[in-house]
Amino acid sequence: MNAHHAFEHLRSQEIPALNLTLEEYEHSKTGAKHYHLSADNPENVFMVALRTVPEDSTGVAHILEHTALCGSEKYPVRDPFFMMIRRSLNTFMNAFTSSDWTAYPFASQNRKDFDNLLQVYLDAVFFSRLDELDFAQEGHRVEFEEADNPNSKLVFKGVVFNEMKGAMSSISSQLWQTLSKYLFPTTTYHYNSGGDPEDIPDLSYEQLLAFYKTHYHPSNAMFLTYGDIDAKDHQQKFETLALLRFERLDEEIAVADEQRFSEPQRVIEHYPSDDADGDNKSHMIMGWLLGNSTKLQDLLEAQLLSNVLLDNSSSPLMQVLETTQLGSAPSPLCGMEDSNRELVFCCGIEGAARDAVDDFEALILDTLERIAKHGVEHERLESVLHQLEFHQREIGGDGYPYGLQIIMAALGPATHRGDPVAALNIEPVLEELRQKIADPEYIKQLTRKLLLENTHRLTLVMHPDPELSKLRNDSEASRLAEMKAKMSDQERQAVVELANQLQARQERVDDADILPKVELSDVPAGIKVHSYTESAIGHHTTPLTFFPQGTNGIVYQQLVVPMPAFSEKQLQLLPLFTSFISELGLGDMDYLQTQALQAAHCGSLGAYSAVRPLPGSEQDQRGFIVLSGKALSRKNGELSELIMRTFNEVRFDESSRIRELIAQMSARREQSITGNGHSLAMSAACSGMSPVAQVSYMSSGLQGIRWLKEINKDCDIDALQAELLAMHKMLLAQTRQLLLVAEQDQFTACLSGLEKSLDLLPAPGQDNSSLQLNAIREQRRLAWQTNTQVNFCAKAYPTVSTDHEDAAALTVLGGFLRNGYLHRAIREQGGAYGGGASHDSANANFRFYSYRDPRLTETMDDFDQSIHWLLDTKHDWQAVEEAILGVVSSLDKPGSPAGEAKQQFHSSLSGRTPEQREQFRRRVLNVTANDLKRVGERWLGDTNAASVAVVSNSEILTEQKPWLDQHGLNLEVL
């Protein structure tokens, strides 16, 4: 290989299943590793990762990740990371802190943009300034509640401090952190790498600097790249921009193996809960420490066993967890965690009685003993290998860029000095496993070796404690009061001066021109449009749309049906209906048989509803119900048959199964609030803006979560089943169309399978009227009370739909307000993890929001002040251009080959044709500063017209009751 002279080429390995070649290099002077994934893909990805191994829960690695991005040697501006987001056409920019590594990745389709970002990232990581004021802003500090009044209360502030308060509000985060604390008593995983809010204030600035000096060094770094840029080109920049200034560091940072238990352990802890009914709310988990994640054989054997036990509802352990009367649902911590040095397998239940732990342990161990004695069907083992093969082959990219997904899979082995090639090229080991499972004793022995005879086992019980949240708040208040009492007048004045210095720094306008940028002239000419063909097939001449795409041997099929004219009650049931369709039995098969059939033939199969306003008016809409599946191309016929049978034969008479599914959905939806609170707050604020927004709030928003919680407690199962059957009957009467995405040479085989399977369906009925919702345009003012340590705020204004000439300017305005005002006011000064604004052209509203926010009323004031700033300040073109670039980057963001085809198809169904989307994009590119002021004044000028929603806890909402009453917010309790 043609490597840069500063690097030594170690090996190259072609991985056909991923259509790439992995090249491994080492920097001769520092020992830094470079893994290059050479692929014919113009979306190039870069990551530099450092092994970071904290020895406490102060969050040093996490706070360092934030602070490193606040200015560097070459770019001494206050916020180069967020400034570059605005000056870039990136398809991804972020930074992550895991339990034992910190990573800085980005992706771009534009070579100039890629090189710009590379310069900024390398300088930020290896030559960060680490200003003490940035540490105070991003990490933690104390301020007086009234910043310039030393007689007011002392409070903790800091972006990471508040981020982790929000993160640790999640029960799943608390479960995992507590499990790790006891399962890993001596290694870094014992600690909360993100930082425990109780420990974060203990971190000193000097400790941060010391951690940076040892951990952020090329000898401890891994460079990972993906795409069509040559490795040598990357290495030339790595060398000139960073590596030539370093010598090898002798210290090797690594995680040691955990000391093993001599016998299983049991631990009882508590979690905060505002629920007055604490009965049957305990969580119970069993966790095992398994083998080393860098040994591919250990990894895939553990993955095989985990999937055999838990992959779907027909899997033996998952079936027990779902059907046991000991709990209401399986724990969110079911499965295998393979990102640490050593693997963890865990399973459990939630909604258990406090005294159920002995029965719970017996249930799990008896189930495992039965498998170790009797084994499982060979077909189930084949299904698990089929799933592993499918997920190895599928090209992703609809969330993270595809190249980044592959890099993330390689990062764990690279971190622990294992073999990334082996981790990516799993086909040889899959073949070896396929031979091993032919022996009926293999899975029995594996169950006994990895689990039953493994003494490094922990049973964790977490009981709800309605007083714990108050105790923690009181403890924090006492700590702050004690700190204040011990302060001299000079120390109090120093706190005031720090707040003033930080505010002055935050309000300083840096020279952004020292940062590289792209301009509108670098923007591609138009949107990407994929070719397709249309035909009509089968006895009922069902329309078929085919997109030929490079899908790496995978077939994607969808059956698309206009949504029937469901009643309001039926619309509320819609999330249950679509979820149940692929989770219940078919015909004479029960749900266990159906789940097993899906696992044997599909990568996935499910249903969802899609209701979208039309571009011309938020009051008009089209709705569809979609059955969607994907499979390896050799299974296309089985996939087609399963989709049609699922549509036609789903049975709603499995009462116990329906109750289990409702309990699982209710638990997951409630647990999602703290991670998705800003979206839920915006949904509540916008719920009166359009019929679709109202349905969304009613079915999947906070109102829908509360309704689901209520029917989980008290469900008339017979009435529910009757309503679901009625909805299914209405669905069967609708006309249908098909979407197929596959490689061109698979079309004939797929067509044959589709035509054959369509014979399984009855003809559409005569009464097939489609959904038409009643118009709505109302103001909403809501305060939602739930379990959270932080707030989520939203404010929304009625605006215009996509086709209106002002929609493009309002879309640009969201980014403009975030970049110019809201980021500084809400995140930097207010301490929230995030905040901003956006325009929802579909539902014709403009939304302000904050995320994991320690403030409430002050943030609402910031929303209003941003509008005054817009209207009263003279703005330069560069700020407008940056906001336009952000919108265009979002519009042009690539997806997977299948994802792009599906998005184009479904956009056209709701009137968003390529021509319409191109027109909107042109309008975005033509937005001016005057346009922003004009639409701001026209649509955001009357604060009395705004809708408001906040999500908070009972203590804060009680404290803020005068404000809530003054602004007319109605209290809703989840």
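This is a predicted model: local features need pLDDT of at least 70, side-chain atom pairs count only at pLDDT 80 or more; totals for chains, interfaces and linings use all residues.
Colleague: Let's start with β7. What makes strand β7 largely enclosed by the rest of the structure?

Modeller: Buried means under 20% relative accessible area. Eight of the eight residues of β7 (residues 101-108) are buried, so the strand counts as largely enclosed by the rest of the structure.

Colleague: How do you know which residues of β7 cover each face?

Modeller: In a regular strand the side chains alternate between the two faces of the sheet. On one side of β7 sit Trp101, Ala103, Pro105 and Ala107, and on the other Thr102, Tyr104, Phe106 and Ser108; all are buried.

Colleague: Why do you say that β4 and β7 pair?

Modeller: Two strands pair if there are at least two bridges between them. Strand β4 (residues 44-51) and β7 have eight bridges, in the antiparallel sense, so they pass that cut-off. Leu50, for instance, has Thr102 in β7 as its bridge partner.

Colleague: And what makes β5 and β6 partners of β7?

Modeller: The cut-off is at least two bridges. Strand β5 (residues 92-93) is joined to β7 by two bridges and runs antiparallel to it, with Met93 partnered by Phe106. Strand β6 (residues 96-97) also has two bridges to β7, again antiparallel, and there Phe96 stands opposite Ala103. β6 and β7 form a hairpin, with three residues between them.

Colleague: On to the sheet with β23. What makes β25 and β28 its edge strands?

Modeller: The order of this open, mixed sheet is β25-β26-β24-β27-β23-β28. β25 (834-840) and β28 (970-973) each pair on one side only. Neighbouring strands there are turned by 15° against each other on average, direction ignored.

Colleague: How do you know that β23 and β28 pair?

Modeller: At least two bridges are needed, and β23 (residues 781-785) and β28 have four, in the parallel sense. Ala783 stands opposite Leu971 in β28. Helix α28 (residues 807-829) packs on this sheet, touching β25 and β26 (845-851), and its direction makes about 170° with that of β25.

Colleague: What makes β19 and β21 a pair?

Modeller: Nine antiparallel bridges link β19 (residues 554-562) and β21 (residues 617-632), against a cut-off of at least two. Val560 has Val626 as its partner in β21.

Technical notes. Residues are numbered from 1 along each chain as its sequence is written. Side-chain values use heavy atoms; hydrogens and water are left out. Axes are lines fitted to C-alpha atoms, for helices over the stretch in contact, and angles run from 0 to 180 degrees between N-to-C directions. Contact means heavy atoms within 4.5 Å. Buried means under 20% relative accessible area, exposed over 50%, partly exposed in between (1.4 Å probe, protein chains only).
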